[in-house]
Amino acid sequence: MAKSHQATVLSLLEFPHHNLLEIKVDDLEAINYAAGKYIIVNSGMNPGLDKLHKRAYTLMPIDADRFYLAAARVDNGFGSHYINSLKVSDRIEFSGCWGKFTLDESVDSISVVCSDTGITAGMGLLSSQNLKDATCQIYWLRERDRFLSDSFVLEHLQKWASHLEIIDIPAIDNETSRQDLFQSFDVKSLRGQHHFLAGDGLMVTSLREKLEQNTVDPANIKQEIFFRKPPKT
Ligand SMILES: Cc1cc2nc3c(=O)[nH]c(=O)nc-3n(C[C@H](O)[C@H](O)[C@H](O)COP(=O)(O)OP(=O)(O)OC[C@H]3O[C@@H](n4cnc5c(N)ncnc54)[C@H](O)[C@@H]3O)c2cc1C
């Protein structure tokens, strides 16, 4: 069983549809953090399922042991409801860190395309020490006013990103329009030694396919699907 760790909620920032938590991890060394990684939060007993509810949330670093954590509200979503019900000084139990959405070596250039809540992975990744002087292109494809805010994301990413673009996309349940938009995304504009894709499975799958068709080595593409994971074939 994965080892469990603890963090404390230090402050809350209210966005129109959800909160942004500032958390402090008890023992940073024990969690093996690297920029871009996520934790699995234990949201307590889900009475509907009669078992512990656990969901992944990405850490966005503030400094050595403080991180932002945010969950978009999902209708009837137990995990996202739990995160948004937390108050200052509440304790969070989690396992991790987990994930391979990290940069393990220094590079000159990367591209990052995130959709929806996937921007948390982009914000985590861009704090990597391995990106010190690198050129970082970042695209955030998002439904307006659903998660965080454009100004918050711009403020936090501007200092790292050499190109930062926010693109309007249709609502999550409008699959066809979303698919059309992802299909029309020009991957030739993505220049980088490594490419990072995070968020809606429709976007990740579609852009990965197009990058590979454009002869990008699959080993240089990293992905994290937050929702709409395609079934394993
Ligand atoms: C590696 C990883 C990192 C993640 N990091 C974050 C993060 O930083 N912030 C965050 O908000 N979420 C993040 N997620 C998604 C998160 O783990 C949960 O899936 C989400 O909060 C829904 O959980 P729930 O228990 O509320 O709803 P569930 O009952 O699990 O889901 C209900 C339905 O909502 C859909 N859904 C899940 N996520 C979303 C979404 N973002 N928008 C719309 N529909 C959705 C599910 O596909 C499902 O159909 C991450 C997921 C992964 C795999």
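Which residues does Val112 touch, not counting residues up to four places away in sequence? In this predicted model, the list runs to Gly122, Leu125, Cys136, Gln137, Ile138 and Phe196, where two residues are in contact if their C-beta atoms, placed from the backbone, lie within 7 Å. Numbering starts from 1 along each chain as its sequence is written. Because the model is predicted, local features need pLDDT of at least 70 and side-chain atom pairs count only at pLDDT 80 or more, while totals for chains, interfaces and linings use all residues.

Val112 also turns up in the largest nonpolar core, which has 55 residues. Along with Leu59, Leu69 and Leu125, Val112 is among those with the most contacts inside this core. Both domain 1 (5-98) and domain 2 (109-227) give residues to the core, so it lies between them. A nonpolar core here is a set of buried Ala, Val, Leu, Ile, Met, Phe, Trp, Tyr and Cys residues joined through C-beta atoms within 7 Å. Buried means that 20 or more other C-beta atoms lie within 10 Å of a residue's own, against 12 or fewer for exposed, with partly exposed in between; C-beta atoms are placed from the backbone.

As for the domains themselves, their bounds come from an automatic or database domain assignment. Their centres, taken over C-alpha atoms, sit 22 Å apart. Contact between them involves 13 residues of domain 1 and 13 residues of domain 2.

Gly124 belongs to helix H3 (residues 119-125); helices (H or I, at least four residues) and strands (E, at least two) are DSSP runs, numbered from the N terminus. Gly124 counts as buried because 27 other C-beta atoms lie within 10 Å. Beyond its neighbours within four places in sequence, Gly124 is in contact with Ala35, Gly36, Lys37, Thr58, Leu59, Met60 and Pro61. Ala34 is 90 residues away from Gly124 along the chain, yet their C-alpha atoms are separated by 8.6 Å.

Then there is the ligand, surrounded by 22 residues, each with its C-beta atom, placed from the backbone, within 6 Å of it. The closest are Gly77, Gly79, Ser80, Thr120 and Phe227. Strand E4 (51-58), helix H2 (78-85) and strand E12 (221-227) each give two or more residues to this shell, and E4 supplies the largest share, four residues. The shell comprises 11 nonpolar, seven polar and four charged residues, with at least three drawn from each of domain 1 and domain 2.

Note on methods. Nonpolar A, V, L, I, M, F, W, Y, C, P; charged D, E, K, R; others polar.
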